[in-house]
Amino acid sequence: MSASWSPSPVVPLRIEFDNTPRTLWLKLESHNPYGSIKGRTAFALWHDVRDRIDPRIGLIESTSGNLGLALAALSASVQVPFTAVVDPRVSPSVRSALSTMGARVVVVEQPDGAGGFLLNRLAHVAQRVRREPGLVWPNQYTNPANPAVHARWTAPELRAQLPARPMSVLVAVSTGGTLAGFHSYVLTHEPEWELIGVDVVGSVALGDVHGERVLSGIGASRRSTFLPHGYRPAVHVDPPSAVSACLWLEETTGIAVGSSSGALVAAALRLFRESPERTDIACLCPDGGDRYVDTVYSPRWRAQRALAQVDIADGFTVSAPVPPTGAPSERTVDTPETPNTTRTPGTEDPSLGEVRQR
């Protein structure tokens with residue numbers, strides 16, 4: 001396999017608050033081959049289960065969108081059937097993209113009673129696996145390959161791109177795999193990082209009280225298997241703040257990010273406001289705004305959900321961001337063998353290894 005997956009860029013955004021200069025470092029995972037950080041997770045999951053795949057039966061996975069898109073592209077590249085189990089919060093454009101790449105899309109309409117649809121999505125997948133021998137479920141929610149890929153790849157890549165000084169690093173939570181992987185990396189390699197988990201109000205991923213959630217891609221209806229005892233420090237962001245941060249960032253910088261990234265930016269602005277000693281915060285932005293045109297960036301969608309815009313950045317002034325940058329230091333990081341990035345998603349030929357013939 002070609003090792004041509006370049007590091008996603010980091011944009012340093014210069015901010016001033018209370019006459020104190022700060023830097024908000026945005027790592028834009030939307031620049032990955034499959035458009036999100038879940039491309040890394042999908043890559044790891046695929047390699048974990050590929051020896052068990054029957055090319056006639058294929059894969060099934062529960063997804064809020066991004067992992068499904070990545071697995072759909074990987075499956076299409078080797079002509080393996082893939083079923084994405086989603087819920088009504090997944091945008092029509094994402095569902096359409098999944099279908100275009102050949103995935104079968106199953107929408108679970110029944111809420112799970114814990115603020116979302118995840119528990120019923122998982123129940124549907126488990127039922128299908130029991131009923132259809134040979135159907136492979138990579139299971140992003142429990143598979144150790146999920147946090148492992150971020151511990152050995154994403155975290156060291158980010159460290160190589162940031163200046164070697166004290167830094168708060170913010171990571172959004174859904175399955176908890178990314179945060180758990182970063183936590184493992186920090187414990188082992190001891191960078192000067194304050195690692196902070198960011199979740200949404202109503203999510204129980206880190207053990208908090210459940211409630212209704214309207215945003216996709218962040219939060220969960222159950223505790224993270226990878227963080228069974230929760231995680232601290234953590235910041236919880238309400239949906240209006242997350243959405244307002246997306247709109248503010250796009251308006252002031254031209255950078256459009258998804259709802260989970262908006263939650264990170266909202267949390268970063270809160271931390272800057274509350275802690276004058278914090279001068280650098282890095283946000284691991286999972287995806288871009290292109291997948292939220294008909295949700296977060298739609299006035300009609302926001303009005304239907306009573307997501308009135310709030311002044312998330314009151315008191316902050318922003319200078320124009322510099323172009324995406326690579327590592328400011330000479331540190332380097334080994335990148336796992338990765339798919340060829342020169343082709344349109346869904347047509348990649350990543351030499352993903354042989355799937356078992358039956």
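I take a salt bridge to be a side-chain nitrogen of Lys or Arg within 4 Å of a carboxyl oxygen of Asp or Glu.

**Ground rules**

This is a predicted model, where local features need pLDDT of at least 70, side-chain atom pairs count only at pLDDT 80 or more, and totals for chains, interfaces and linings use all residues. Residues are numbered from 1 along each chain as its sequence is written, and side-chain values use heavy atoms, with hydrogens and water left out.

**Entry 1: the chain overall**

I looked up the secondary structure. The protein chain has nine helices and 10 strands. These are DSSP runs numbered from the N terminus, helices being H or I of at least four residues and strands E of at least two. I then checked burial. Of the 358 residues of the protein chain, 57% count as buried. Buried means under 20% relative accessible area, exposed over 50%, and partly exposed in between, with a 1.4 Å probe and protein chains only. Contacts came next; a contact means heavy atoms within 4.5 Å. Among contacts in the protein chain with a separation of 6 or more, 74% are between residues 24 or more positions apart.

**Entry 2: salt bridges**

I counted 10 salt bridges by the rule above. I started with Arg89 and Asp87, whose side chains meet in one at 3.7 Å, N to O. Both Arg89 and Asp87 are buried.

Next I looked at Arg165 and Asp280, which form a salt bridge at 3.0 Å, N to O. Arg165 lies in the loop between H5 and E6 and Asp280 in strand E9 (residues 280–285), so this pair ties together parts that are 115 residues apart in sequence. Arg165 counts as partly exposed, at 36% relative accessibility. Asp280 counts as buried, at 6%.

Then I took Arg40 and Glu157, whose side chains meet at 2.8 Å, N to O. Arg40 sits in helix H1 (residues 38–49) and Glu157 in helix H5 (residues 145–161), so to speak distant parts of the chain, 117 residues apart. Arg40 is buried, and so is Glu157.

**Entry 3: Arg213**

Arg213 is in the loop between strand E7 (193–200) and strand E8 (234–237). I listed what Arg213 touches, leaving out residues up to four places away in sequence: the partners include Arg89, Ala114, Val200, Ile218 and Ser221.

**Entry 4: cavities**

I searched on a 1 Å grid over the protein atoms alone: a cavity is a set of points where a 1.4 Å probe fits but cannot get out, a pocket is an open set with protein on both sides within 12 Å along at least five of seven lines, and lining residues have an atom within 4 Å of a point. Grid points are joined across faces, edges and corners, and a volume is the space filled by probe spheres set on the points.

The whole structure has three cavities of 30 Å³ or more. The largest cavity has a volume of about 540 Å³. Its lining has 41 residues, of which Ser64, Ser174, Ser216, Gly217 and Ile218 lie nearest the centre. Helix H4 (118–131), strand E6 (167–172), helix H6 (177–189) and helix H8 (259–274) each supply at least two lining residues. By class I noted 17 nonpolar, 17 polar and seven charged residues. Ala, Val, Leu, Ile, Met, Phe, Trp, Tyr, Cys and Pro count as nonpolar, Asp, Glu, Lys and Arg as charged, and the others, Gly among them, as polar.

The second largest cavity has a volume of about 40 Å³. Its lining includes Leu118, Tyr141, Ser174 and Arg222. The classes there are three nonpolar, four polar and two charged.

**Entry 5: the largest pocket**

The largest pocket holds about 270 Å³ of space. I found 17 lining residues, with Pro88, Arg89, Phe117, Val214 and Arg305 nearest the centre. Seven are nonpolar, four polar and six charged.

**Entry 6: Cys246**

Cys246 is in helix H7 (residues 239–253). Cys246 is buried, with a relative accessible area of 0%. Beyond four places in sequence, Cys246 touches Val257, Gly258, Ser259, Gly262, Val296 and Tyr297. I also checked Val265: its C-alpha atom is separated from that of Cys246 by 7.9 Å, and the two are 19 residues apart along the chain.
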